[in-house]
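Subject: Structure for you to look at

Hello,

Here is the structure I said I would pass on. Please open it beside this email, and my notes follow below.

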Amino acid sequence: MAWALKQELKEQLAAEEGYYRYPLGTRLPVALAYPNSYFVGMSNLGLHIIYDLLNKRSDTACERVFLPERRSIERYEHTRTPLMSVENQLPLQQFAMIAFVLSFEMDYFNVIKMLELGKVKVRAEERGAMDPLIIAGGPCATFNPEPLSAVIDAFVIGEGEVIMPHLMDTFYQARSEGASRAELLKRLAKVPGVYVPSLYEHRYGEDGRLLSITPAEEVPAKVSRQWVQDLDAYPAHTVVRTDNTEFNFYLIETARGCGRHCRFCMAGYCFRRPRNRSFSVVTQEVKEALQYKKRIGLMGAAISDYPEINELCKDILGEGLSMSVASFRADSVTQELVDSLAESGLKTLTMAPEAGSSRMRAIINKGIEEKHLFNAMDMGLSAGIRHFRLYIMIGLPFEQEEDVEAIVDLAERLKDYMEEHGSKGTLTLSVNPFIPKPFTPFQWLPMADKKYVEKAAKTLTQGLRKRKNILVGVESPKETYIQGVLARGDRQVGEALLKACANGGSKAFKCAMKDCGLSMETYLYRQREAAELFPWESLDMGFSREYIYQEMKKAEELKPTIPCFDGCHRCGVCG
């Protein structure tokens, strides 16, 4: 059976192009672990970036490890075969370092599962000199690492391109000098952008609230997020090419960060400032992609905000390639972009108003009005696109029943517009309950009560069920509320996470919280006090609490915040 599992990995590798594979013993093995399936993980551009960066070093052999499919997990467990890497089928426990990419809260359960499958001690405090060093980076690591603080030795806070070289140099230097594990962690804690949770003591009151965070001697009181100042110095594109992936594109990142100031968006705050790659660098990456004959997938917070988007579309199609985009904004989309997407075979145009009423869009500072939605739909219809999708959130701060009813009204009128212009296509609403995230203006606010969200979802589904060719899909509130606890969770929640994993995973999380003396409702529904200490406040995103607190007040008063601009120093990120 172990042979069969190895053979599957070899076949997976044989179907790829562009991977690195070094003979065992020539370089130090480092595992890059994605806590989800290969199919999902290989669409993550961050994984490609770090994989390429580490393998270009002269001392490191970086190999990828993914969570096996369910049937394969059972085979690993039945045969007691340790989880293995794709490149050399090396058991996870034999790697000197394991680096996890954390993009989604629900993957926290998979992190623990992968360590168990790999025969690696789950708790950091139980690992010794002969055990792998376990680090983690990615969006979830950057905004709140605390729920995994008992598992991960060190977190990368910010963008890996500017942190990993120094982290790896420090790691190798400590190994060469025979430093103990404790000494290694102290050294890593001094690397800009590296957070070592074991060196920060969290003290709680009798009511379970966090009272203080005390750093150990000689480590920074706060770890400052690090970010790439010049994107042109770090081209980002698909490295390993495979057809067995969620988004079968050749990915090219055009920009990073967002300056639109949407108040619900963690990425908009934790990845400031907004930066564009130069047109010449992006078009060179397009030329390099020609040989692979794959559709180009343009990545960025809002592709339509890219200054040379029309020229880039012409360049891609002019090279005989097709294209897709990660996202665009209805208020900046151009006819050239929509035409290019239609010519590339796009069947459904997606827009993200997030809310149905102008009042709610003012609260979240979305900056998109109905005229932008109808204009973007116009562009799609004229390009021959028949189907449209809306991303919607329910349970937003200060939301009222009439705001939910406004979503129904907006959908009805957009569908009317489609039909008036000859389209019998489908209008799909993808609806998600809102989760307040750390380092956003809404971090102080509670999630909407589950009963309210279920009622709002029912308003949408029943309000639109009789309308032909309108589909409403609502994310499972049950899973959303687990995400809500994990997103703003502390180290106590981390203990419940470990307990849940020992008893079946996410389905056992609510019971695990109760067993740990914790209340889901306290984490979800409690309004935080203005001066309350948050678990993630050992981290510094570059802006002050006061700045985002005032943004929350502006939301309550329906006041707008204009986008970032050159010379702006409002939030502090740009110094």
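Helix H10 (residues 279–289) lies across S10 and S13, and runs at about 170° to S10. Helix H11 (residues 309–318) also packs on the sheet, where it touches S13 and S14, and its direction makes about 160° with that of S13. Please keep in mind that this is a predicted model.

The sheet itself is open and has three strands in the order S10-S13-S14, with parallel pairing. Its edge strands are S10 (250–253) and S14 (323–325), each of which pairs on one side only. Neighbouring strands of the sheet are turned by 25° against each other on average, direction ignored. As background, strands of a sheet pair through backbone hydrogen bonds, either parallel or antiparallel. Between S10 and strand S13 (residues 296–299) there are four bridges in the parallel sense. Ile-252 stands opposite Leu-298 in S13.

In a regular strand the side chains alternate between the two faces of the sheet. For S10, Tyr-250 and Ile-252 are on one side, and Leu-251 and Glu-253 are on the other. These four residues are all buried, so both faces of S10 are covered.

Next, helix H15 (residues 401–420). Its 20 residues should span 28 Å at 1.5 Å a residue, and its end C-alpha atoms are 29 Å apart, which agrees. The buried residues of H15 include Val-404, Ile-407, Leu-410, Leu-414 and Met-418, and also Asp-403 and Lys-415. Among the elements that cover the buried residues of H15 are helix H13 (358–363), helix H14 (370–382), strand S16 (387–394) and strand S17 (427–433). After H15 comes Gly-422, with a positive phi near 85°.

In soluble globular proteins, nonpolar side chains tend to be buried together. Here the largest nonpolar core has 194 residues, and the members that touch the most other members are Ile-98, Phe-100, Leu-102 and Phe-509. H15 gives the most to this core, with eight residues. What does Phe-509 contact, leaving aside its neighbours within four places in sequence? The contacts of Phe-509 are Phe-109, Ile-482, Val-485, Leu-486, Val-493, Ala-496, Leu-497, Ala-500 and Met-520.

H21 has twelve residues and reaches 17 Å from its first C-alpha to its last, close to the 16 Å expected at 1.5 Å a residue. Its buried residues are Tyr-547, Ile-548, Tyr-549, Glu-551, Met-552 and Ala-555, and they pack against helix H9 (266–270) and H13. Leu-558 follows H21 and has a positive phi, near 60°.

One loop residue is also worth a look. Asn-88 sits in the loop between helix H4 (70–79) and strand S3 (97–101). Is Asn-88 buried or exposed? Its relative accessibility is 14%, and because buried means under 20%, Asn-88 counts as buried. The side chain of Asn-88 makes a polar contact of 2.8 Å with the side chain of Glu-63. Not counting residues up to four places away in sequence, Asn-88 touches Arg-21, Tyr-22, Leu-24 and Glu-63.

Regards

Methods. Residues are numbered from 1 along each chain as its sequence is written. This is a predicted model: local features need pLDDT of at least 70, side-chain atom pairs count only at pLDDT 80 or more; totals for chains, interfaces and linings use all residues. Side-chain values use heavy atoms; hydrogens and water are left out. Helices (H or I, at least four residues) and strands (E, at least two) are DSSP runs, numbered from the N terminus. The expected span of a helix is 1.5 Å times one less than its number of residues. Buried means under 20% relative accessible area, exposed over 50%, partly exposed in between (1.4 Å probe, protein chains only). Contact means heavy atoms within 4.5 Å. Two strands pair if DSSP finds at least two bridges between them. Axes are lines fitted to C-alpha atoms, for helices over the stretch in contact, and angles run from 0 to 180 degrees between N-to-C directions. A polar contact is a pair of N or O atoms within 3.5 Å; within protein, one must be able to donate a hydrogen and the other to accept it, and residues adjacent in sequence count only if both atoms are side-chain atoms. A nonpolar core is a set of buried Ala, Val, Leu, Ile, Met, Phe, Trp, Tyr and Cys residues joined through side-chain atoms within 4.5 Å.
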